[in-house]
Structure formats: C-alpha cells, structure tokens
Amino acid sequence: MPARIRSDDDVIVIGGKDRGKRGKVLRVEPEKHRVYVEGLNIVKRHQRPQQVSGAQRAEQVGGVIEKEGPIHVSNVMLADPKDGKPTRIGIEIIDGKRHRVAKRSGTRID
C-alpha cells in the first residue's frame, strides 16, 4: 500500500478519543499502519532514571513521562492545504513522477 500520509503532514483525527483534533505527523510506521501525531494520543509511561556513562548524575529523569502514542492510519485524514478540512489523497503522475493531490480541492500536496 502506498504511503499517503508522511512525516510533517498536517492531519485531522477522525476517530478515537482525540476525534476532531489536528496536529503534525512526527513519524510513520507503514508496516504497522500507525502514525504518531504531535500532542495527540498522549500515553503515560513509567521510566527508570538512566545513568549516562561518564556523567556524575542521571542525565535522563525518571518517573512518569508523557509521550505520543500510535494512531491507526485509518483514523487520520490529511488536512486540505486550501481550506484545512479533511481530504482524501490521490496520486497524479506528471513526467513519470508521482505527486500527491488533495481530492477535495485538487491542489498538489508535495
């Protein structure tokens, strides 16, 4: 399946506990069909303080940290560059190169 959503894309969540929120894609895991969106699907993880070799005290703090969790790619849609509403993504081939196109407005994304 082609990667329709990529890093640094502006997406809108259409399903789940963060429905209606928008954010920037931090990273994509295509083999697991997951995306990580900045500031969304925050999960808490308990982390032990780590000792960096050669340092006097622990560099990385321990305790409960909050970070972004994965969201299934079917629960996010790309925001249209023109009006900011959710849009599907099409592929246009120009001079042998693939370009992503917003189906809503027809504008090129790449």
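Me: Which residue stands opposite Leu-78 in β8?

Reply: Leu-78 stands opposite Thr-87 in β8. This is a predicted model, and the pairing is read from it. Behind that pair are 2 bridges joining β7 to β8, and the two strands run antiparallel.

Me: What lies between β7 and β8, and which residue there takes a positive phi?

Reply: The two strands form a hairpin with 6 residues between them, and Gly-84 takes a positive phi near 80°.

Me: How do I place these strands in the whole sheet? In what order do the strands of the open sheet come?

Reply: Read the sheet across, from one side to the other. The order is β6-β3-β2-β1-β7-β8, which makes an open sheet of 6 strands with antiparallel pairing. At the edges are β6 (70–72) and β8 (86–87), each of which pairs on one side only.

Me: How many bridges join β1 to strand β7?

Reply: There are 3 bridges between β1 and strand β7 (residues 76–79), and the two run antiparallel.

Me: Where do the side chains go in a regular strand?

Reply: The side chains of a regular strand alternate between the two faces of the sheet. For a case to examine, take Glu-29, which lies in strand β2.

Me: Is Glu-29 buried or exposed?

Reply: The general idea is a cut-off: under 20% relative accessible area is buried, over 50% is exposed, and partly exposed is in between. Glu-29 has 14% relative accessibility, so it counts as buried. Once residues up to four places away in sequence are set aside, Glu-29 touches Arg-34 and Tyr-36.

Me: Now a loop residue. Where is the place of Lys-21?

Reply: Lys-21 sits in the loop between β1 (10–13) and β2 (22–29). Its relative accessibility is 42%, so Lys-21 counts as partly exposed.

Me: Which residues is Lys-21 in contact with, leaving aside its neighbours within four places in sequence?

Reply: Lys-21 is in contact with Val-11, Ile-12, Val-13 and Leu-40. The C-alpha atoms of Lys-21 and Gly-39 are separated by 9.6 Å, with the two residues 18 apart along the chain.

Me: Now the chain as a whole. What pattern does the protein chain follow along the sequence?

Reply: The pattern is β-β-β-β-β-β-β-β-β-β, with 0 helices and 10 strands. The radius of gyration is 18 Å, well over the 13 Å that the globule rule gives for 110 residues, so the chain is more spread out than a compact globule. Along the principal axes, the C-alpha atoms fill a box of roughly 55 × 35 × 25 Å.

Me: What percentage of the 110 residues is buried?

Reply: Buried residues make up 28% of the chain. The chain exposes about 7800 Å², and carbon and sulfur atoms supply 47% of that area. For contacts with a separation of 6 or more, 40% are accounted for by residues 24 or more positions apart.

Me: How many positive and negative side chains does the protein chain have?

Reply: The protein chain has 24 positive and 15 negative side chains. The centres of the two sets lie 4 Å apart.

Methods: Residues numbered from 1 in each chain as written. Predicted model: local features only at pLDDT ≥ 70, side-chain atom pairs only at ≥ 80, totals over all residues. Heavy atoms only, no water. Helix = DSSP H or I, 4+ residues; strand = E, 2+ residues; numbered from the N terminus. Rg over C-alpha atoms; globule rule 2.2 N^0.38 Å. Buried < 20%, exposed > 50% of the residue type's maximum accessible area, 1.4 Å probe, protein only. Contact = heavy atoms within 4.5 Å. Areas by Shrake-Rupley, 256 points an atom, 1.4 Å probe, with all protein chains shown as cover. Lys, Arg positive; Asp, Glu negative; His and termini not counted. Charge placed at Lys NZ, Arg CZ, Asp CG, Glu CD. Pairing = 2+ DSSP bridges.
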